[in-house]
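Me: Please take me through this structure by question and answer, with each cut-off stated when its term comes up.

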Amino acid sequence: MQRAKCIIKGLIIMLVFMAAALISSRTEVRAASGVKLSKTSLTFASDKAKAQTVTIKNIKKSNIKSVKISYYSKTWIKIKKKNKNQLVITPKLSTGNNYGIVDIIVEFKKPIKKEYRAYLSIKSIKIKGKSQIPVKTADDFLKMNGNCDSNKWTYYLANDIDLTGKGYWHGNSSDNYIVFDGKDHKIISDGPAFESFSGKMKSVIFECNYDMKTSKNDVASSLLKESNDIAPVMEMNTLATMTHCKSTGSININFDTKTADAQNFYIAGLVSNNYYSTKVSQCKSDVDIRITVADTDYIHGLYVGGLVDTNNNNAQISECEFSGSIYTDYRWPFLAGICVHNDHTGRISDCLNSGSVSSAVPYDYTAGICTSASESTGDGGIYRVLNTGSVRAALYGGLTDQDDLDYNQLPKFEYAYYLKSKSTAVLYRTDPIAIPGAIGIADDELIDQSVFAVFDFDKVWTMTAEGPRLKNVYE
């Protein structure tokens with residue numbers, strides 16, 4: 001979707017260039033006046049470079065009736081008239097490539113060679129480097145401008161911001177691509193911070209203070225009627241990356257009145273929907289999630305992930321930890337510490353669940369790592385993971401029997417470790433079966449590094465008195 005939007009934008013820009021070319025060709029035919037610009041292309045060393053002046057030549061200032069300027073790239077440049085025959089162009093944001101055709105119509109008081117106007121243009125403007133744009137307030141955050149050219153722009157948090165009662169970032173009408181650096185600052189909120197994210201995000205701390213009830217009419221609770229996804233980032237979309245981020249606080253949701261229509265809800269401590277080759281890495285969720293339901297007919301299905309809800313279409317979760325808690329009294333919930341559903345090609349690797357996942361009902365699908373998965377294909381599957389938290393099933397919460405194994409209907413596990421004293425590997429329909437790649441260990445083995453010989457203890461893992469921990473997650 002985002003690529004398609006960028007392609008459409010590219011076509012629009014191409015049409016603008018074509019239109020400019022037509023104007024230029026018309027100028028050549030009608031430019032008997034000889035009026036022209038001192039420069040038709042500009043290059044700035046950076047967005048902080050000095051302004052450049054373009055002069056309208058071969059005409060007396062006293063003979064200029066008006067100068068009309070038209071340009072679409074106002075985000076990148078600023079143009080100011082100086083005198084009657086000069087334009088001052090100031091860079092605002094880096095472009096990297098040539099952007100910003102400026103069309104200029106100069107009207108004469110007296111004709112020059114029978115012409116009363118000249119059609120001129122600055123054909124290219126290039127601003128080198130990358131721009132750093134501070135975000136100091138909630139309003140700054142909500143007004144961030146994402147588009148498929150903004151890979152040259154980095155928005156960064158200059159301080160903690162509070163979105164409570166303000167809503168969340170929707171992107172803009174054309175595209176949601178954005179580069180966002182939290183600089184280790186917090187986004188405090190009573191609901192999601194990002195709707196759809198399609199760029200690069202790093203070093204953000206999400207402080208969650210969600211207290212949602214379907215009976216409330218505040219900004220946060222109204223989201224329950226608008227969206228099925230509840231998480232700091234509702235959707236990671238198409239090649240997006242999230243690195244070294246953390247979520248803290250609590251997500252409390254009470255379905256105390258009936259919603260308009262019974263529907264599925266997807267709730268997560270960090271990212272709800274992670275798909276289309278997106279990557280979440282070196283992140284941690286320490287959120288406590290509690291979902292209560294007054295009547296089981298109010299909602300249709302409940303899917304709660306401590307870190308991520310859905311990981312599909314070549315999406316990846318790596319070097320991540322869930323250390324919070326999940327609890328619900330809803331019947332038949334799907335709950336998981338790391339990820340609820342992992343698709344055929346979804347990949348989970350080098351992850352740790354140290355959190356607790358539980359429900360008040362005996363009929364739940366609860367797991368530390370993943371509770372629902374399609375059979376793995378390609379690089380999809382679950383690799384080098386560890387569950388030390390309190391859960392019903394350490395690795396996989398879908399009810400399993402020998403037929404699932406025989407017909408390859410389970411995710412691929414390789415070196416998936418779990419404490420036998422805390423839980424079993426998977427939930428069983430009948431008698432326990434041996435799951436390839438699932439390795440149960442005793443409590444004393446947890447602190448024996450030789451047991452985890454395939455773990456990378458140089459770059460990814462470290463051994464502690466409590467067992468293996470991830471080196472690079474946000475503490």
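**The hairpin and its sheet**

Me: In which sense do strand β5 (residues 77–82) and strand β6 (residues 86–91) pair, and over how many bridges?

Reply: This is a predicted model, in which local features need pLDDT of at least 70 and side-chain atom pairs count only at pLDDT 80 or more, while totals for chains, interfaces and linings use all residues. Residues are numbered from 1 along each chain as its sequence is written, and side-chain values use heavy atoms, with hydrogens and water left out. Helices (H or I, at least four residues) and strands (E, at least two) are DSSP runs numbered from the N terminus, and two strands pair if DSSP finds at least two bridges between them. Strand β5 and strand β6 pair in the antiparallel sense, over six bridges.

Me: Which residue in the hairpin of β5 and β6 takes a positive phi near 60 degrees?

Reply: Across this pairing, Lys81 stands opposite Leu87 in β6. The hairpin has three residues between the strands, and the positive phi near 60 degrees belongs to Asn83.

Me: What is the order of the open sheet of four strands, and which are its edge strands?

Reply: Strands of a sheet pair through backbone hydrogen bonds, either parallel or antiparallel. Here the pairing is antiparallel, and the order is β1-β3-β6-β5. The strands that pair on one side only, and so form the edges, are β1 (36–37) and β5.

Me: Which residue in β3 stands opposite Leu37?

Reply: β1 and strand β3 (residues 52–57) pair in the antiparallel sense, over two bridges. Within β3, the residue opposite Leu37 is Ile56.

**Rings and charges**

Me: How many degrees lie between the planes of the aromatic pair formed by Phe194 and Phe206?

Reply: Rings of Phe, Tyr and Trp (its six-membered ring) pair if their centres lie within 6.5 Å, with planes under 30 degrees apart counted as stacked, over 60 as edge-to-face and the rest as tilted; a search of the whole structure finds 18 such aromatic pairs. Phe194 and Phe206 form an edge-to-face pair, 6.4 Å centre to centre, with an angle between the planes of 80 degrees.

Me: Which strands hold Phe194 and Phe206?

Reply: Both Phe194 and Phe206 are buried, where buried means under 20% relative accessible area, exposed over 50% and partly exposed in between (1.4 Å probe, protein chains only). Ring pairs also join Phe194 and Phe206 to Phe141, Trp169, Phe180 and Phe197 in a cluster. The two residues are 12 residues apart and link distant parts of the chain, Phe194 lying in strand β16 (residues 194–197) and Phe206 in strand β18 (residues 205–213).

Me: Over which ring does the charged end of Lys74 sit?

Reply: A charge sits over a ring if NZ of Lys or CZ of Arg is within 6 Å of the ring centre and within 35 degrees of the ring normal. Arg347 lies over the face of Tyr383, at 4.1 Å from the ring centre. The charged end of Lys74 is 5.5 Å from the centre of the ring it sits over, that of Tyr71.

**Buried residues and cysteines**

Me: Is Arg469 buried or exposed?

Reply: Arg469, in strand β46 (residues 467–470), is joined to Glu466 by a side-chain polar contact of 3.3 Å; such a contact is a pair of N or O atoms within 3.5 Å, where within protein one must be able to donate a hydrogen and the other to accept it, and residues adjacent in sequence count only if both atoms are side-chain atoms. Leaving aside neighbours within four places in sequence, Arg469 is in contact (heavy atoms within 4.5 Å) with residues including Leu352, Val460 and Trp461. Because its relative accessibility is 19%, Arg469 counts as buried.

Me: Which cysteine has the sulfur nearest to that of Cys351?

Reply: The structure holds zero disulfides, a disulfide being a pair of cysteine sulfur atoms within 2.5 Å. Cys351 is in no disulfide, and the nearest cysteine sulfur, 5.0 Å away, is that of Cys320.

Me: To which residue does the backbone nitrogen that lies 3.5 Å from a polar side-chain atom of Ser423 belong?

Reply: Ser423, in the loop between β42 (413–419) and β43 (424–428), counts as buried at 9% relative accessibility. Its C-alpha atom is separated by 5.5 Å from that of Ala393, 30 residues apart along the chain. The backbone nitrogen in question belongs to Ala394.
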